Amino acid sequence: MFITSTCSEEILKLINLLEDKKFTEPYDIPVRLVKLSKNIICTCLADIWNNCMQNGVFPDKLKLAKVIPIFESGTKDIASNYRPISILSHFSKIFKKQIHKSLVSFLDTNNIITKHQFGFRSGLSTFLAINQLHNYILRPNDSGQYTCGNFVDLKKAFDTVNHKILLDKLNHYGIRGLALDFFTSYLKNRQHFVFSNGVQSDKMQITCGVPQGSTLGPVLFFFVY
C-alpha cells in the first residue's frame, strides 16, 4: 500500500468541508479561523503532510483528543451513564481524510473487506444490511425450514482494539514499509483529556483502541474484528 501525497488545492477542499461543531477542539482553534486563513496555511499543511508520508510519521501534536462526557440517562454521579465524545484537532481531521482515502482505495482494489460489511462504507448502509438479513430469513421459512441467529455486541468496541494485533493484521494484508511505519506512529503516543464544566483533567496515555472522532477509526476496526 502507498499513502498518496497531496497538494494545496486538495487541502483547501478538505478545509472547506470542516464543520463548526458545538464543542471546540483540543487547542481551542475555531473552525472559522482555519477557514479564514485557508489560503495562507494550505501550502504549509500540504508540505507537512507530504513530509510525514516520506518519513512514515504522524505528528504527536495531532494525536491529542479532547473527551466531552455527554449525559444519557440514570443517575448523574455514575460515570457509565455518560457517553464520551472524542474531539480531534481540525488539522488531524484533514490529515486523516488523506489516510482514509488511500486506505479505502487499497482495501477496495484488493477486495479485502467482506461484501457483507455494510457499516461505514460508501454506497452501503444499515438499511441494506437489514434487507439482506430479512431475505436470508424468509427464504428458508418459505420452504418450511428454520433460521437461527447468533448476535454479539461488543461493549465499547472501538476501545478494545489491541495495537499490536492491529499492526500485525495490517502487515498481513500488505500494508508494509513506510505505510506500516506511518500507522505505527499514528497509534503510538496518543493522549486524551476530559473536559467538563469548564475543568480540564490531566492528559492520559492511550494504550489501546482505535482513535475515534474520524472516518479512519471504523476502517482500522475492520482489520481486527
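Which side chain meets that of Lys-164 in a salt bridge? In this predicted model, the partner is Asp-168, at 3.0 Å from N to O; a salt bridge is taken as a side-chain nitrogen of Lys or Arg within 4 Å of a carboxyl oxygen of Asp or Glu. Because Lys-164 and Asp-168 lie four residues apart in helix α6 (residues 163–172), about one helical turn separates them. Lys-164 is exposed at 59% relative accessibility, and Asp-168 is partly exposed at 41% (buried, under 20% relative accessible area; exposed, over 50%; partly exposed, in between; 1.4 Å probe, protein chains only).

The model is predicted, with local features requiring pLDDT of at least 70 and side-chain atom pairs counted only at pLDDT 80 or more, whereas totals for chains, interfaces and linings use all residues. Residues are numbered from 1 along each chain as its sequence is written, and side-chain values use heavy atoms, with hydrogens and water left out.

Helices (H or I, at least four residues) and strands (E, at least two) are DSSP runs numbered from the N terminus, and two strands are paired if DSSP finds at least two bridges between them. Strand β1 (residues 64–71) runs parallel to β3 (residues 190–196), with four bridges; Leu-64 has Gln-191 as its bridge partner in β3, and Ala-65 stands opposite His-192. Strand β1 is also joined to β2 (residues 82–88), in antiparallel fashion, by seven bridges, with Ile-70 opposite Arg-83.

Strand β3 pairs antiparallel with β5 (residues 204–206) over three bridges, where Arg-190 is partnered by Ile-206. Two bridges connect β3 to β4 (residues 199–200), again antiparallel, and Phe-195 is partnered there by Gln-200. Two residues separate β3 and β4 in a hairpin, and Asn-197 in the turn has a positive phi of about 55 degrees.

The salt bridges number six. One of them joins Lys-66 to Asp-28, with the closest N and O atoms 3.6 Å apart. This pair links Lys-66 in strand β1 to Asp-28 in the loop between α1 (8–16) and α2 (31–36), 38 residues apart. Lys-66 is buried, at 5% relative accessibility. Arg-83 and Glu-72 form another salt bridge, at 3.1 Å between the closest N and O atoms; Arg-83 lies in strand β2 and Glu-72 in the loop between β1 and β2, eleven residues apart. Arg-83 is partly exposed at 40%, as is Glu-72 at 48%.
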